[in-house]
Amino acid sequence: MNISSKSSASSAQAEEADTSSLSKLRLVTKDPFFWSNWIVVVAFVLVVVVFGAIKPHNFLTMYNLNNILVASAIPAIIVVGQTFAVTTAGIDLSVSSIMTFGAVCYGIAFTNGWSWWSSGIVGTLAGAVCGVINGFIIAKRKISDFIVTLGMLSVASGFALVFSNGQPRQIVSNQLSTLAIGGFGKIPYLMVIAFVITVGAHFFLFNTRFGTHILATGGDPDAARSMGVNIDLVKIVVYSISGTLAGFAAMLTISRIGAAEPAANTSILLNSVAAVVLGGVSLFGGRGTIFGPFVATLLLQALTNGLTVVGVAAYYQYVSIGLVVILSAAMVRTK
Amino acid sequence: MKKNTRFLTLSISVVAAGALVLAGTTPSNAAVKKLTTIRIAAVVKGLDNPYFISVKAGIVDTAKKLGVTANVQAAPGLNDDIGQANKLDALAGQNYDCYIVIPISSNNLSQGLGKVTKAGKPIINIDSPVDPASLKAAGGKITSFAGTDNTAAGKAGGASMIKLIGTGKKIGLIAGLAGNVTSNARIDGFKAGAAGATFVGPVNADWDTTKALDAANQMLVANPDLAGFFAANDQMAQGIAKAVAAAGKKIPVYGVDGIMDNLNLIKAGSVTASVSQYPYVMGKMGVEACVVLAQGGKVPAWTVTPHAVIDSSNVDSALKTGNQLPPAGYNDPYAALIKK
């Protein structure tokens with residue numbers, strides 16, 4: 001490109017002698033897509049290094065890294081579903097409410113004598129039902145994803161209040177609290193679950209025929225349709241995935257909180273959208289990555305954790321997190 | 001009986017503290033941790049509510065006055081239970097001498113508190129109590145609780161309103177989040193204090209000004225004979241006051257908390273009264289209890305923080321002092337135990 005024109009005569013000679021590996025690297029770093037994929041990893045490493053340097057004995061301890069992994073697990077699962085929705089050029093605004101609804105259904109099953117895992121199936125199915133309804137209406141009635149999932153946001157949190165009568169239900173289960181506290185060695189169970197789901201989603205999106213259909217639908221729906229892709233089915237499947245994962249995440253939330261509460265946790269929704277954009281998924285669809293948003297979730301949680309450990313006052317934390325989101329999004333912006 | 005033994009240990013420790021001061025020799029004082037080396041961590045509810053800003057002010061001011069260090073962290077939002085748990089987790093592993101907590105729900109901090117207790121650090125719970133069952137399951141232990149008796153506060157409001165409007169009238173009730181323990185206690189207390197009145201509601205307005213405005217409007221339409229309103233917090237009382245004014249009525253509106261905004265409205269006359277809680281005192285007592293414990297002292301397991309009905313008769317003095325401390329003084333069992 002314009003590398004040679006910029007460099008002076010002497011350095012041009014040096015470059016020629018340099019087996020062109022340096023210029024290759026330069027070419028790569030000038031490619032905007034390289035940055036959209038890797039900026040989040042760079043930012044994550046930067047956050048860890050900076051906080052590690054400021055508070056080496058508090059931030060970079062096994063104990064604290066474990067905290068960051070635990071805190072990231074539930075958002076990471078929600079983010080996978082959001083990534084699928086955004087990859088088809090959609091968005092799922094109902095994730096946090098579906099999670100609340102799933103938690104309430106879990107609570108009802110559990111307090112009626114169901115075991116911790118069978119209640120988990122109930123919660124997951126409740127989320128799946130919401131997701132299928134989302135996808136079905138979006139696909140068949142051709143209504144914007146934004147409107148349908150915004151409606152579902154209200155409907156799901158409303159039903160959560162109706163079913164629970166507004167009352168939190170306490171969930172005391174040794175297995176559940178082990179799930180939240182324990183781990184394989186130093187890696188918490190919650191993070192292992194989130195990582196397995198992430199790897200599975202990556203495989204599904206990039207190594208299966210249906211995954212290709214999802215990407216094609218997001219890239220150019222008309223072209224995809226004429227190639228024989230069942231767009232309606234794609235839409236239904238992605239929102240079902242998102243709803244199911246939200247319902248499943250409800251169980252993990254209960255394991256951490258020890259209660260099924262009807263109050264919606266809206267920061268989960270905002271975090272999921274921020275992580276998807278930070279991770280390098282195009283909001284216009286067609287270009288997705290599963291690991292990008294995963295790392296972005298780690299980044300957001302590490303940032304909150306680091307600011308807390310350093311003792312930055314709460315108000316400034318909002319500012320700094322917002323700035324990181326906007327700055328990184330500005331850097332990953334590609335035409 | 002229990003109270004007596006507690007008083008006994010308390011007075012013994014006071015005497016012991018006095019003896020230490022009297023002895024005044026360096027070796028016996030060396031055992032007491034220096035105030036400037038004491039580090040306190042606090043995790044409070046969301047700082048998007050003036051009530052918890054006041055708690056924070058109580059913590060920060062008192063820490064400054066005593067010369068101790070305090071790191072005050074808050075939940076990212078009033079309902080962000082997991083976000084708050086993450087903050088406590090982040091602080092639990094560090095070498096703070098003592099932790100002050102206000103949980104968003106009665107369960108959400110229990111696992112983090114278990115970690116704190118396992119690290120051998122004392123916990124002071126202020127304002128909203130942690131659920132004992134879930135705390136026990138997580139292996140956590142609260143050393144001392146300081147908070148208001150919300151039922152008593154509601155009761156004081158009810159009695160005051162009955163004095164104003166007389167018995168046999170209809171009163172509208174606006175509650176906070178459905179199922180919230182604090183809201184229920186305030187509403188139930190109010191009903192007990194206003195015995196003899198009939199009640200409309202309670203309707204849940206989620207602690208929100210706008211939602212309370214809408215709820216009050218609907219109540220006024222359905223019940224034109226309402227003689228008063230009680231809201232479980234001040235922000236909702238502000239919404240009700242707007243609805244009452246818009247309907248062209250002049251009926252008393254009571255809130256709970258005593259936030260500055262509402263005191264200004266009481267002075268202006270649009271809100272009638274607020275049963276003031278003293279979040280500033282809670283924050284102050286939290287720090288004092290922490291300091292006593294860090295110095296190796298003992299604290300009472302339960303302290304009721306004060307409340308007072310603020311209306312047009314005493315609003316001026318409350319406004320002048322920023323309503324940080326109750327006009328009639330209060331009992332602080334912790335302050336005297338601190339070794340300077």
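Start where chain B meets chain A: 12 residue pairs there are in polar contact, both residues at pLDDT 80 or more. (A polar contact is a pair of N or O atoms within 3.5 Å; within protein, one must be able to donate a hydrogen and the other to accept it, and residues adjacent in sequence count only if both atoms are side-chain atoms.) On the side of chain B that touches chain A, β2 (69-74), α4 (81-92), α5 (110-118) and α6 (132-137) each supply at least two residues. Select α4(B), and you have the largest share of that side, nine residues. Helices (H or I, at least four residues) and strands (E, at least two) are DSSP runs, numbered from the N terminus.

A note before moving on: this is a predicted model, where local features need pLDDT of at least 70 and side-chain atom pairs count only at pLDDT 80 or more, while totals for chains, interfaces and linings use all residues. Residues are numbered from 1 along each chain as its sequence is written, chains are lettered from A and ligands numbered from 1 in the order in which they are written, and side-chain values use heavy atoms, leaving out hydrogens and water.

Now pick A:Arg256 and B:Asp89. Their side chains meet in a salt bridge at 3.1 Å, N to O (that is, a side-chain nitrogen of Lys or Arg within 4 Å of a carboxyl oxygen of Asp or Glu). The count between the two chains is one salt bridge.

Next, stay in chain B and colour the open sheet ordered β2-β1-β3-β4-β5-β11, with parallel pairing. Two strands pair if DSSP finds at least two bridges between them. The edges are β2 and β11 (302-305) of chain B, each pairing on one side only.

Last stop: another open sheet of chain B, with six strands in the order β7-β6-β8-β9-β10-β12 and mixed pairing. Why is one side of β7 (198-204) and of β12 (307-310) left without a neighbour in the sheet? Both stand at the edges, each with a single partner strand, so one side has no neighbour there. Finish on B:Phe230, whose bridge partner in β9(B) is B:Tyr254.
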